[in-house]
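Here is a short report on one protein model. Look at the sequence and the 3D view, then read on.

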Amino acid sequence: DLELHIQRCQQLSVTVLTDHQDLSNTELKTITNSRAPQEYRIRAKLRTYKPQKLHQAVKLHCSKCNSLQEVPDRDDFDFILHDSAGTAPNPELHNTSWYESVTWTTQDQKQRKIAIHFVKHDEMLQHPEDTLLMIEGGTLKEIWKLTKRFKCVIPVRSTEDDLELLDLSAPFLLQGNVKYYGCKQCSTPKPMKNLSSIAAEQQPLWEPTEIAQVLGIELLQYVFIMKFTLVDETGALNAYLFDY
C-alpha cells in the first residue's frame with residue numbers, strides 16, 4: 001500500500017533516495033541554485049506530500065493539449081445517463097446493415113425505453129466476449145451488468161440521422177471495469193456509423209485507441225501525480241511524480 005509506505009517514510013528521521021549511487025550527496029540549496037537538467041543524489045527528510053488521499057492522485061491527461069482534469073465521479077455519469085434517457089430511441093435507426101437492435105420498455109413507473117445495438121461482423125453477431133454494443137436509455141447499473149458480459153459498451157443517444165455519443169463528461173467507452181474518456185477541447189465527435197469501418201475488418205479487436213480514432217476522440221490517459229516536499233539543513237525542494 002503506497003499510502004502506508006509514504007507514512008512510514010515520514011516517520012523515519014531521514015529518507016534516502018538511492019538513485020545515482022555513483023554520485024556523492026548534494027545539498028538541496030545547491031540543487032535549487034543550479035540549472036536543469038542535472039543528475040543528483042540527495043539525503044533529505046520528507047516533510048509533506050500531496051494529495052493526502054491516494055485516489056486523488058489519479059488524473060486524466062490529454063497528450064495533445066497537455067491538460068489535466070479530475071476523473072469524473074459516479075454521480076456525474078449517472079446524471080448524464082438520466083438526462084439522455086429523456087430522449088426516446090429513434091426506431092428508424094434500428095437494425096441497420098452493421099448492427100442488430102433489441103428494444104424494450106422497463107416495468108417500473110418511469111417506463112424507460114431502452115435500446116441495445118449489437119455490432120455485427122460479416123452480417124453475424126460476434127461472441128459476447130468479442131462484441132461491441134451501443135446502449136440508449138440505460139442506467140449505470142444496467143451498463144455495468146453489460147460490461148461484465150460483453151467486450152465493449154458505448155452509451156449513445158438518437159438523433160434524426162444517426163446515433164451519437166453522450167456529453168464527453170461521461171466515458172465514451174466502457175471495457176470491463178475501465179472507463180475511457182475523451183478530451184472535450186481536442187475531440188471532434190463523429191457519428192457512430194464510423195464504427196462500421198472497424199466492424200468490416202477481418203478480425204475486429206475493438207481496441208480503445210482505434211475506436212477513439214474513428215469516432216474523432218482524443219483519448220485521455222490515466223496518470224498518477226504526487227508532490228513531495230523534501231528538506232535538509234540547507235533548504236527545501238519540491239519533487240513531482242508523474243507517471244502513466
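## Terms and model

Buried means under 20% relative accessible area, exposed means over 50%, and partly exposed lies in between (1.4 Å probe, protein chains only). Accessible areas come from the Shrake-Rupley method with a 1.4 Å probe, and for residues only the protein chains shown count as cover.

This is a predicted model: local features need pLDDT of at least 70, side-chain atom pairs count only at pLDDT 80 or more, and totals for chains, interfaces and linings use all residues. Residues are numbered from 1 along each chain as its sequence is written, and side-chain values use heavy atoms, without hydrogens or water.

## Salt bridges

Side chains of opposite charge can pair when their charged atoms come close. A salt bridge here is a side-chain nitrogen of Lys or Arg within 4 Å of a carboxyl oxygen of Asp or Glu. By this rule there are four salt bridges. Three of them are described below.

Glu70 pairs with Lys59, with the closest N and O atoms 2.7 Å apart. This pair links distant parts of the chain: Glu70 is in strand S4 (residues 68–70) and Lys59 is in strand S3 (residues 58–61), 11 residues apart. Helices (H or I, at least four residues) and strands (E, at least two) are DSSP runs, numbered from the N terminus. Are these two partners buried or exposed? Glu70 is exposed, at 51% relative accessibility. Lys59 is buried, at 17%.

Lys184 forms a salt bridge with Asp167, and their closest N and O atoms are 3.8 Å apart. Lys184 lies in the loop between strand S12 (178–180) and helix H5 (196–199), and Asp167 in the loop between strand S10 (163–165) and strand S11 (173–175), so the pair ties together parts 17 residues apart in sequence. Lys184 is exposed, at 51%. Asp167 is partly exposed, at 36%. Arg157 and Glu164 also meet in a salt bridge, at 3.0 Å from N to O. Arg157 is partly exposed at 23%, and Glu164 is partly exposed at 31%.

## Surface patches

Patches are made of residues with over 30% relative accessible area and no salt bridge; like charges are joined within 9 Å, and nonpolar side chains (Val, Leu, Ile, Met, Phe, Trp, Tyr) within 5 Å. Lys and Arg count as positive, Asp and Glu as negative, while His and the chain ends are not counted. The place of a charge is NZ of Lys, CZ of Arg, CG of Asp or CD of Glu.

Asp73, Asp75, Asp76 and Asp78 make up a patch of negative charge on the surface. Asp78 sits in helix H3 (residues 74–84) and is partly exposed, at 35%. Helix H3 also holds Phe79, which is exposed at 58%. Leu68, Phe242 and Tyr244 form a nonpolar surface patch, with about 330 Å² of accessible area together. Phe242 belongs to strand S14 (residues 235–243) and is partly exposed, at 41%.

## Cysteines

How many disulfides does a search of the whole structure find? It finds zero. A disulfide is a pair of cysteine sulfur atoms within 2.5 Å. For Cys65, the nearest cysteine sulfur is that of Cys62, 3.7 Å away. Cys65 is partly exposed, at 26%.

Cys186 is buried, at 16% relative accessibility.
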